[in-house]
Amino acid sequence: AGTASSPFPMAFVLGTRKADPNAGSQGKFAPSSHYMPPFMRINPVVEWEYGHVWHFLRLFQLPYCSLYDEGYTSLGTVHDTIPCPALAKASIGKGQEYFPAYMLRDWDQERAGRIVVPKPKTTANSPSKTGTTTPNITISQSSSVVSLDEKAQSSSSVEPQSDNNNTSNIDDADLSIDSDATTLQKTVGLIIIGDEILKGLVTDANTHAAAIALREKNVPLSRVVVCSDNHDDIVEEIQRMFSEVDVIVTSGGVGPTHDDVTIKSVSTALGREMIFHEEMSKLLQEKMTFGDDDDDGKEEKMTEAQIKMATLPESSKLRYLSKSEEWPVLQCHNIFVLPGVPQFFESKIKALAEYLSSDHIEKSEVFKVVLSIGETSIVNILNQVVSEHPHVSFGSYPFVGHPQYKTVVTLEGKAIDDGTIGGAIGDGNGRMSQRALLRRMSSSKARSSLSLSMTSTETVLFTKEEMDVHVRLALADLVNGMPEGSVLRVDNNDDLAF
């Protein structure tokens, strides 16, 4: 803006962001370059990322170029701009379609649709050609990189990958915790033991730590129970969980004091005798000092408390799950006994999550749809999308009183089809057949490892590519069904901590 005494502008308000190629080291206030007239550049959104811009535009319903609704995320010229490959919809038997720009999951791919046109090389023996040539484009579905091929035909379509490429070489590895375990993806139940938790004397940090560690390794945490330091209560919870989960993890009650009754409760629940465990005894002798101190710091006689710690259920195992840890994890059948101290529990549960994870089960893409309308306004469309996409896990979370977003919906693909949903997968219109989505095992050896017989149905393990297709189809139906202007943005994670 200029003044009466200085008719020339003194400052410009710009939309420059740090991600822009020419942003350089500009901050919120940046003087003009040396070759320009003197003025101040004001960059109020320089710290904003791609998703923040779209959140602002959608929140205040500001107008923008219609090309952004067709999958373009960065606009140049007609010769160097194509729809962003990362926004390509899963489509079979029809022309390629794209999600709108505000649904870009990975904000770093904002300029993935911009093509760098190589300048023609000229030599003394080869005069330069005049005129402009449109480059030929080849897009890989598995990568956001756009490559140029001077001999290839011009194309901006993304072809779906063939099922024939989804092959796996899987050995007959023992994926079970115990010989009677029958599921591919182990479900975990967590029992938090401690009167101090129930009385509110301390905060339960172990449930949160377990949920994070297990999910990171794609191991479902199915049930969490908090119970007192009471033998009968612990036994009851363990026996109840036997029929509900594959693996039980306990937290707390494993010390030498009177209220440390977890191990005895595990023994009772399993119907096994408590016996003196020689390996645990040797470990205690190596790590602890017994009795009164003498010249070498140890005595052969163990204290009553230490004998209690070395007395374990029959057939117990000490699992050394991490090379760096000093103390092993106690396993009794399908029960893993962990300490209750949060610092110790967190390191143990991370090692256990790694131990329980399966290389055969991958994680799908995850989307977070941020909405400007309340949860009650999306009930019908959400219920419809959930029913039409049984292989996708949905979450709906209201944010009461927030000035911008009111609801967040998360989508994540399910790794396993338990065979309870019959017929074709999709919307019933032949958009995606079961043959196109399900990876059937090519050999009886592999099938026996990754398929489970369940009466007249079959459990099928989805590939990551199949799960991603499921999620993208569900996401398209969800967004298309939302009221106009209600979708603020789609984030590249499902973190609810804004």
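These legends walk through several close-up views of a predicted model. Residues are numbered from 1 along each chain as its sequence is written, and side-chain values use heavy atoms, with hydrogens and water left out. Because the model is predicted, local features need pLDDT of at least 70 and side-chain atom pairs count only at pLDDT 80 or more, while totals for chains, interfaces and linings use all residues.

**View A. Helices α9 and α12 pack against each other.**
Helices (DSSP runs of H or I, at least four residues) and strands (DSSP runs of E, at least two) are numbered from the N terminus. Two packed helices are described by the angle between their axes and the distance between the axes. Here α9 (residues 379-388) meets α12 (residues 464-481) at an angle of about 160°, and their axes are 10 Å apart. That angle makes α9 roughly antiparallel to α12. Axes are lines fitted to C-alpha atoms, for helices over the stretch in contact, and angles run from 0 to 180 degrees between N-to-C directions; under 35 degrees counts as roughly parallel, over 145 as roughly antiparallel, 65 to 115 as roughly perpendicular and the rest as oblique. On the α9 side, look for I381, L382, V385 and E388; they meet A474, D477, L478 and G481 of α12. Contact means heavy atoms within 4.5 Å. By class, this contact has five nonpolar, one polar and two charged residues. Ala, Val, Leu, Ile, Met, Phe, Trp, Tyr, Cys and Pro count as nonpolar, Asp, Glu, Lys and Arg as charged, and the others, Gly among them, as polar.

**View B. Four strands form an open antiparallel sheet.**
The strand order is β15-β16-β14-β20. Two strands pair if DSSP finds at least two bridges between them. β15 (392-398) and β20 (487-491) are the edge strands with a single partner each, so one side of each has no neighbour in the sheet. Neighbouring strands are turned by 15° against each other on average, direction ignored. Four bridges link β14 (residues 366-371) to β20 in the antiparallel sense, and V369 stands opposite V490 in β20. Helix α12 lies across β14, β15, β16 (407-413) and β20, running at about 155° to β16.

**View C. Strand β8 is mostly covered.**
Five of the five residues in β8 (residues 247-251) are buried, meaning under 20% relative accessible area with a 1.4 Å probe and protein chains only (exposed is over 50%, partly exposed in between). V247, V249 and S251 point one way, I248 and T250 the other. Parallel to β8 runs β6 (residues 188-193), joined by five bridges, with G189 partnering I248. β13 also runs parallel to β8, through four bridges; there, V249 is partnered by F336.

**View D. Three strands make an open sheet with mixed pairing.**
The order is β1-β3-β2, and the edge strands β1 (11-13) and β2 (29-31) each pair on one side only. The twist averages 25° from one strand to the next. β2 and β3 (residues 40-42) run antiparallel and share three bridges, where F29 has I42 as its bridge partner.
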